[in-house]
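Take a look at the protein below.

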Amino acid sequence: MAYRDLREFIERLEAAGELVRIKTEVDPVLEITEITDRVSKAYGPALLFEKVKGSDMPVLMNAFGSERRMAMSLGAERLDDIAAEISELLGIADELPSTLVGKLKLVPKLAQLSSYFPKLVKSAPCQEVVHKQPSLDILPVLKCWPQDAGRFITLPHIYTKDPVSGKRNVGMYRMQVFDAMSTGMHWHIHHDGAENYRRYKQAGKNRIEVAVALGGDPAITYSATAPLPKDIDELILAGFLRKKPVDIVACKTIAMEVPADAEIVLEGYVDPAELRMEGPFGDHTGYYSLPGEYPVFHVTCITHRKNPVYPATIVGKPPQEDCFLALATERIFLPVLKFQIPEIVDLHMPMEGVFHNCVVVSLRKSFPGHARKLMNALWGMGQMMFAKYIIVVDEGVNVHNNSEVMWKVYNNVDPRRDITLTDGPLDVLDHSAPLPLFGSKIGIDATKKRRDEGHDREWPDDIEMSDDVKALVSRRWSEYGLD
């Protein structure tokens, strides 16, 4: 179900008891972070800071900071409901028809997908106010942590285009505010925004036009974080999630389109020849990411709605609201993984692994070495290449129960036989690797071992009570006086 805009989402949160308005004046330098961090750690509500020092704009924080609010942001009761819809769409592949009648049966599904493409409109709420002499000083940009290099815009969706194909990409990258007219553009080397930047540079272009949107339907904000293949438009995913195409409008000073219902839009460009030191920044790993040279974004125009709301987030030691954005990705994209690797039963990325460092996957095991095959398949898939730890368990193990998973690891693993070490790409934020972006990985096979895997000893059964006794005790529970 589509939200008209961020304001409608705020109204729904408040009606559901999921939002608190804070009317006391607060400082965007550190104070908002400390308040929000305490609330996040307590799995508390979304926060709307209505009076922020130095700005007329209220600040929305922690809007995605629970599983319920994450599902609400995407118009669903549960995140797995969205996964079920994707599984149904992926059923197209099971129907690949050879007859004309069979092909005609696909038309309704394909038509449904095409209805989610973004729609260009001529006027938009995000352009109710236009600043052609812009200043970032109007924004209540946060300084999050004491050692941060400055203030950072933390929840932007950033729009670029491939200089060859013209295809749009939407990503989410932090932006350190350098002055009233410029910011850093934290394009990690593996991300599609950075690839577009490199292509402009290789083509000898003197600028890459970039638009930055803040707010709008939260499905758009989530889609900017989603690990989509490069040539798939994130706004189509947003349209699918909201069951309605995203209205987009042409920017005022650059050849780019942005969501019409965004709260705030920054228009500008990046000069491929210009780099500037950016960071440090307190990051989602719970550590400060180190300073480095990154491109510079120059603002040419700012547009916004009347009385805009500034959405922001903080990252740091989990849990934070980015853990729930990652949970959404885990659940929503699980059907895609299972479509490509059908023997996967379930998958979980524990928040302690900061989304990319650890993957626990349950396997429907059917041949010797199957767990190793699965590890290597995952390391070869998109952002799964960043996983430092892949733990494989049998299909009956609950991958979301860390205690159960560790019980299997500690008891089912012979270290010499069941641990695989390899080398490969790592996330740029991994500070433990001896080299930036590259290091070692470990795969742990915690499945039951077969005789054809060289385990000639008998493998014991898990201890389980018989079903009839469990049923008996359940029936008589109230008689025991234990309630």
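## Confidence in the model

This is a predicted model. The mean pLDDT of the protein chain is 92. A value of 70 or more is reached by 95% of its residues. One stretch needs care: over residues 92–98 the pLDDT is below 50. Beyond near neighbours in sequence, that stretch has 9 contacts in the model. Where pLDDT is low, the predicted coordinates should not be read in detail.

## The whole chain

The protein chain has 13 helices and 23 strands. Its radius of gyration is 24 Å, close to the 23 Å that the globule rule gives for 483 residues, so the chain is as compact as a globular protein of that length. Along the principal axes, the C-alpha atoms fill a box of roughly 75 × 60 × 55 Å.

How much of the chain is buried? Buried residues make up 53% of the 483. The chain exposes about 22500 Å², and carbon and sulfur atoms supply 54% of that area. Now take contacts between residues at least 6 apart in sequence: 70% of them join residues at least 24 apart.

In soluble globular proteins, nonpolar side chains tend to be buried together. Here, the largest nonpolar core holds 39 residues. Met-70, Leu-74, Tyr-222, Leu-241 and Ile-332 touch the most other members. Several elements each supply at least two residues of this core, including α1 (6–15), β2 (46–49), α3 (67–73) and α4 (79–90). The largest share, 8 residues, comes from α9. Another core lies apart from this one, with 38 residues, among them Leu-47, Phe-49, Val-59 and Ala-194.

Which residues does Met-70 touch? Leaving out residues up to four places away in sequence, Met-70 touches Phe-64, Leu-79, Tyr-222, Phe-324, Leu-325 and Ala-328.

Helix α7 is mostly covered, with 7 of its 8 residues buried. Those buried residues are Pro-218, Ala-219, Ile-220, Thr-221, Tyr-222, Ser-223 and Ala-224. At the start of α7, a side-chain oxygen of Asp-217 comes within 2.9 Å of the backbone nitrogen of Ala-219.

Now go to α10, residues 370–379. Its buried residues are His-370, Ala-371, Leu-374, Met-375, Leu-378 and Trp-379. An α-helix has 3.6 residues a turn, so residues three or four places apart point the same way.

## Two loop residues

Find Asp-162 in the loop between β7 (157–161) and β8 (168–171). Is Asp-162 buried or exposed? Its relative accessible area is 3%, under the 20% cut-off, so Asp-162 is buried. A polar atom of its side chain lies 2.7 Å from the backbone nitrogen of Val-164. Leaving aside neighbours within four places in sequence, Asp-162 is in contact with Lys-167, Asn-196, Arg-199 and Lys-230.

Next, find Ala-255 in the loop between β12 (247–250) and β13 (257–259). Not counting residues up to four places away in sequence, Ala-255 touches Lys-161 and Glu-209. How far is Ala-255 from Ile-419? Their C-alpha atoms are separated by 52 Å, and the two residues are 164 residues apart along the chain.

Notes: Residues numbered from 1 in each chain as written. Predicted model: local features only at pLDDT ≥ 70, side-chain atom pairs only at ≥ 80, totals over all residues. Heavy atoms only, no water. pLDDT = per-residue confidence, 0-100. Contact = heavy atoms within 4.5 Å. Buried < 20%, exposed > 50% of the residue type's maximum accessible area, 1.4 Å probe, protein only. Helix = DSSP H or I, 4+ residues; strand = E, 2+ residues; numbered from the N terminus. Polar contact = N/O pair within 3.5 Å; in protein donor to acceptor, adjacent residues only side chain to side chain. Core = buried A, V, L, I, M, F, W, Y, C linked by side-chain atoms within 4.5 Å. Rg over C-alpha atoms; globule rule 2.2 N^0.38 Å. Areas by Shrake-Rupley, 256 points an atom, 1.4 Å probe, with all protein chains shown as cover.
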